[in-house]
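Thanks for coming. The structure is on the screen now.

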Amino acid sequence: MTSSDLLLYCMAKRGAEQSVHSDWKATQIKVADVLFAMVKDVEERPAVSLKTSPELAELLRQQHKDVRPSRHLNKAHWSTVYLDGTLPNSQIYYLVDASYQLAVDLLPEALRQQMYS
């Protein structure tokens, strides 16, 4: 998977907005100002940082060498996934979906209803 493929998938999410975090040289994808994905190169490899439960983050890191704690984000919840590694694309897309849903769940109820009406 390429960074472009992943960005297209993220931006297809309802309410997704893209911005650049210049200090980290990363593309941030947010829904209503809540981050759900950060795409950047890590060690010259395409990667994405995604939010999960702490339990899932730990399990993924134990099972996949291409999943690591995210450098600039809360390491209990955020993992960096290499896009050119051993994790199947379907699992990366699942993790994007889950991260997006966690972000949406943090939004006020009125905003969620507005987004989906």
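**Glu 43 and outward**

Glu 43 counts as exposed, at 57% relative accessibility. For that term, buried means under 20% relative accessible area, exposed means over 50%, and partly exposed is in between, with a 1.4 Å probe and protein chains only. Before I go on, this is a predicted model: local features need pLDDT of at least 70, side-chain atom pairs count only at pLDDT 80 or more, and totals for chains, interfaces and linings use all residues. Residues are numbered from 1 along each chain as its sequence is written, and side-chain values use heavy atoms, with hydrogens and water left out.

Back to Glu 43. Its salt bridge partner is Arg 68, and the closest N and O atoms are 3.1 Å apart. Glu 43 lies in the loop between strand 3 and strand 4 and Arg 68 in strand 5, residues 67-69, so the pair ties together parts that are 25 residues apart in sequence. Arg 68 is partly exposed, with a relative accessible area of 32%. The rule for a salt bridge is a side-chain nitrogen of Lys or Arg within 4 Å of a carboxyl oxygen of Asp or Glu. How many salt bridges does this rule give? The count comes to five.

Glu 43 also sits in a turn. Strand 3 and strand 4 form a hairpin with two residues between them, and Glu 43 in that turn has a positive phi of about 55 degrees.

**The strands**

Strand 3 and strand 4 pair in the antiparallel sense over six bridges; two strands pair if DSSP finds at least two bridges between them. Val 42 has Arg 45 in strand 4 as its bridge partner.

On to strand 2 and strand 3. These run antiparallel and are joined by five bridges. Ile 29 is partnered by Ala 37 in strand 3, and Thr 27 stands opposite Val 39 in strand 3. The two strands form a hairpin with two residues between them, where Ala 32 in the turn has a positive phi of about 50 degrees.

Strand 1 and strand 2 are antiparallel as well, with six bridges joining them. His 21 stands opposite Ala 26 in strand 2. Their hairpin has four residues between the strands, and Lys 25 takes a positive phi near 50 degrees.

Are these strands enclosed or open? Strand 3 has eight of its nine residues buried, so it is largely enclosed by the rest of the structure. Strand 2 has five of its six residues buried, so it too is largely enclosed by the rest of the structure.

Arg 45 forms a salt bridge with Asp 66, with the closest N and O atoms 3.2 Å apart. The pair links distant parts of the chain, 21 residues apart: Arg 45 is in strand 4, and Asp 66 is in the loop between helix 2 (54-63) and strand 5. Arg 45 is partly exposed, at a relative accessible area of 22%, whereas Asp 66 is buried, at 3% relative accessibility. Salt bridges that share partners join Arg 45, Asp 66 and Asp 84 into one network.

Asp 97 and Lys 13 also meet through their side chains in a salt bridge, 2.4 Å from N to O. Asp 97 lies in helix 3 and Lys 13 in the loop between helix 1 and strand 1 (16-21), so the pair ties together parts that are 84 residues apart in sequence. Asp 97 is partly exposed, with a relative accessible area of 29%, and Lys 13 is buried, with 16%.

**Helix 3 and the cores**

Helix 3 covers residues 89-105, and at 1.5 Å a residue its 17 residues should span 24 Å; the end C-alpha atoms are 24 Å apart, which agrees. The expected span is 1.5 Å times one less than the number of residues. Among the buried residues of helix 3 are Ile 92, Leu 95, Tyr 100 and Val 104.

A nonpolar core is a set of buried Ala, Val, Leu, Ile, Met, Phe, Trp, Tyr and Cys residues joined through side-chain atoms within 4.5 Å. Which residues of the largest nonpolar core touch the most other members? Of its 26 residues, they are Leu 6, Val 31, Phe 36 and Val 48. Two or more residues each come from helix 1 (3-11), strand 2 (26-31), strand 3 (34-42), strand 4 (45-51) and helix 3. Helix 3 gives the largest share, six residues. Apart from this core lies another, of five residues, including Ala 26, Leu 35, Met 38 and Trp 78.
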